[in-house]
Amino acid sequence: MKIRSHPVVCREAIELMSDYLDGSLSRRDTRRLEEHLAICPPCRTYLAQMRLVISVSGSVSPDDLSPEALDDLVEVFRRYRDEPESS
Amino acid sequence: MNDLELVDRLLEGDERAFTDLVTRYHGTLVRVARYYVRTPASAEDVAQETWLAVLRSLSSFEQRSSFKTWLLRILVNRARSSGTREFRTVPVDPTSGSAVAASRFDEGGFWCEPPVPFTDSVDDRLVNEPLVHLVREAIAQLPEPQQAVITLRDVEGLSTSEVADLLELSDANVRVILHRARSRVRADVEARREGRSV
C-alpha cells in the first residue's frame with residue numbers, strides 16, 4: 001500500500017522554496033509544495049518575493065569600489081606593467 | 001564589453017581594461033575572501049594580491065573555464081594559503097535558523113501574519129533601483145559564509161556545484177546556506193520596506 005505523505009503547512013513550505021526555485025527539490029517534496037501553493041495565496045506571495053530577491057541579486061554589483069581602493073589597484077597594475085620582463 | 005574582450009585588451013597592456021575588470025569583480029573577491037580571513041583589511045589584501053597574480057599569469061589563462069571562475073579559483077587558493085587565514089569549517093545544522101519568525105505562524109503552522117506583496121515590484125528589475133539597493137544592503141549584513149555563498153550563486157551566477165567546489169563544501173551544505181541567506185535577504189527587504197528594524 002502506498003503511504004501518503006503528510007500535507008505541507010506554511011511554516012514548512014517556506015523552508016522548501018529556495019531548493020524549489022533552484023529545481024533541486026525532490027519530486028515528492030515538489031509535489032507536496034505545489035499542492036500547498038495551489039491553495040495558499042500567502043505562500044504564493046512569499047514565493048514571488050523569494051523569486052524577485054534572487055532575480056534582483058543578479059543585478060547587484062557587490063560593493064562600490066572606493067576611489068582609494070581603485071587607486072591602489074591601478075598602482076599595482078602600473079608597477080607590474082613597468083617591471084622589466086625578467087621572468 | 002565582455003570579460004574575454006577585456007582580457008584580450010589587458011594582455012595588450014590596456015589599463016582601462018584592468019580597471020573595468022577590477023570594478024566588475026573586486027567587491028566579489030573581497031566578499032569571498034572574507035569567508036577565509038579574519039578581518040576586512042586582510043580580505044582587501046588577499047583580493048589585491050589576487051589581481052597581481054592575475055596580471056602575472058594572464059598569459060597562461062587558456063579559457064577552458066570562464067575568466068570569472070579562473071579569477072575566483074586564484075582568489076580562493078591565495079586566501080587558503082594566506083598567512084592570515086583562519087580556515088573556517090562551516091557548521092551547518094539544517095534544523096536551526098528558521099526563515100521566518102515563529103510568531104508569524106499559528107499553532108498549526110499556518111500564517112497568522114502573512115507576507116505582503118512587494119507592491120512596487122516592477123517587471124523591469126533593472127530599473128527598480130530601490131529594490132536593488134535594499135537587496136545589496138541586505139546581502140552586506142549577512143554573516144560571511146552566507147555572503148560568500150549568495151554572492152557566488154545569485155550575484156555572480158555560478159552553479160551550486162561550482163560554489164561547492166570553490167568553497168569546499170558539499171552541495172547540500174551550499175543549498176542550506178543559500179536558503180538561509182536568501183530567506184534573510186527577503187526578510188530584511190520586507191522589514192526595511194515596512195520601516196521596521198530587522
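A residue is termed buried if 20 or more other C-beta atoms lie within 10 Å of its own, exposed if 12 or fewer, and partly exposed in between, with C-beta atoms placed from the backbone. The model shown is predicted: local features need pLDDT of at least 70 and side-chain atom pairs count only at pLDDT 80 or more, whereas totals for chains, interfaces and linings use all residues. Residues are numbered from 1 along each chain as its sequence is written, and chains are lettered from A and ligands numbered from 1 in the order in which they are written.

**View 1. Overall build of chain A.** Chain A contains 4 helices and 0 strands, arranged along the sequence as α-α-α-α. Helices (H or I, at least four residues) and strands (E, at least two) are DSSP runs, numbered from the N terminus. Of the 87 residues in chain A, 25% are buried. Two residues are in contact if their C-beta atoms, placed from the backbone, lie within 7 Å. Among contacts in chain A with a separation of 6 or more, 59% join residues 24 or more positions apart.

View 2. The 13 residues of α1(A) should span 18 Å at 1.5 Å a residue, and the end C-alpha atoms are 19 Å apart, which agrees; the expected span is 1.5 Å times one less than the number of residues. A bend of about 40° occurs in α1(A) at Leu16(A), the bend being the angle between axes fitted to the seven residues ending there and the seven starting there. Buried residues of α1(A) are Cys10(A), Ala13(A), Ile14(A), Leu16(A), Met17(A), Ser18(A) and Asp19(A). Their cover includes α2 (27-39) and α3 of chain A, together with α8 (171-193) of chain B. After α1(A) comes Gly23(A), with a positive phi near 70°.

**View 3. Contact between chains A and B.** This contact takes 38 residues from chain A and 48 residues from chain B. On the side of chain A that touches chain B, α1 (10-22), α3 (41-57) and α4 (67-82) each supply at least two residues. The largest share of that side, 12 residues, belongs to α3(A). By class, the side comprises 21 nonpolar, 9 polar and 8 charged residues. Ala, Val, Leu, Ile, Met, Phe, Trp, Tyr, Cys and Pro count as nonpolar, Asp, Glu, Lys and Arg as charged, and the others, Gly among them, as polar.

**View 4. Two domains of chain B.** Chain B is assigned domain 1 (3-81) and domain 2 (103-193), with bounds from an automatic or database domain assignment. The domain centres, taken over C-alpha atoms, are separated by 25 Å. In the contact between them, 10 residues of domain 1 meet 11 residues of domain 2. On the domain 1 side, α2 (15-33) and α4 (67-81) of chain B each supply at least two residues, and α4(B) gives the most, with 5 residues. That side divides into 4 nonpolar, 2 polar and 4 charged residues.

**View 5. Loop residues of chain B with positive phi.** Most residues other than glycine have a negative phi. Gln63(B), not a glycine, has a positive phi near 65°. Gln63(B) lies in the loop between α3 (40-57) and α4 of chain B and is exposed, with 10 other C-beta atoms within 10 Å. Glu168(B), also a residue other than glycine, has a positive phi near 55°. Glu168(B) is placed in the loop between α7 (160-167) and α8 of chain B and is exposed, with 12 other C-beta atoms within 10 Å.
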